[in-house]
Amino acid sequence: MPSSLARVATDAAPRYAKQLASHFGRKIPVEETPDGGHRLTFQHTDVVLEALDDHLRIRVTAPDTTTLAAIQDVVGSHLERFGRRNELTVTWDEPAQD
């Protein structure tokens with residue numbers, strides 16, 4: 001299954017992770033991970049949000065590259081909109097096959 005990782009520079013990573021989880025949690029299953037992050041489940045695609053000191057790490061794992069790209073776009077565009085005031089930018093690594 002292909003996966004991709006984004007590291008979004010911000011000193012407010014916990015707030016943005018919580019905001020994304022809350023927003024998407026109205027429509028899809030969201031759970032807190034043991035390390036305090038969040039897992040969002042879009043059908044057969046997992047998105048893991050991990051808030052670190054200086055950035056928010058987002059990992060997307062999908063059944064195929066088309067779905068991966070679609071979920072990257074959805075999650076990335078929402079985060080950039082939420083963080084517009086702070087000029088957040090989401091840049092994804094090249095997809096990797098796991």
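Predicted model: local features only at pLDDT ≥ 70, side-chain atom pairs only at ≥ 80, totals over all residues.

Student: How many helices and strands is that?
Tutor: The protein has 2 helices and 6 strands.

Student: Okay, and what are the dimensions of the C-alpha trace along its principal axes?
Tutor: The trace spans about 30 × 25 × 25 Å.

Student: What radius of gyration would a compact globule with 98 residues have, and what does the protein have?
Tutor: A compact globule with 98 residues would have a radius of gyration near 13 Å, and the protein has 12 Å, so the two agree.

Student: What percentage of the residues count as buried?
Tutor: Of the 98 residues, 40% are buried.

Student: Switching topic: charges. How many positive and negative ones are there?
Tutor: There are 11 positive and 15 negative charges, and their mean positions lie 8 Å apart.

Student: Why would any of them pair up?
Tutor: Side chains of opposite charge can pair when their charged atoms come close. In this protein the count is 2 salt bridges.

Student: Which residue does Arg 7 meet?
Tutor: Arg 7 has a salt bridge with Asp 93, at 3.3 Å from N to O. That pair links distant parts of the chain, 86 residues apart. Arg 7 sits in strand E1 (residues 2–9), while Asp 93 is in the loop between helix H2 (65–82) and strand E6 (96–97).

Student: How accessible is Arg 7?
Tutor: Arg 7 has 47% relative accessibility, so it counts as partly exposed. The partly exposed class runs between the buried cut-off, under 20%, and the exposed one, over 50%.

Student: And which residue pairs with Arg 57?
Tutor: Arg 57 forms a salt bridge with Glu 50, and their closest N and O atoms are 3.4 Å apart.

Student: What about the accessible area of Arg 57?
Tutor: Arg 57 has a relative accessible area of 28%, so it is partly exposed. Glu 50, at 27%, is partly exposed too.

Terms used
Residues numbered from 1 in each chain as written. Heavy atoms only, no water. Helix = DSSP H or I, 4+ residues; strand = E, 2+ residues; numbered from the N terminus. Rg over C-alpha atoms; globule rule 2.2 N^0.38 Å. Buried < 20%, exposed > 50% of the residue type's maximum accessible area, 1.4 Å probe, protein only. Lys, Arg positive; Asp, Glu negative; His and termini not counted. Charge placed at Lys NZ, Arg CZ, Asp CG, Glu CD. Salt bridge = Lys/Arg side-chain N within 4 Å of Asp/Glu carboxyl O.
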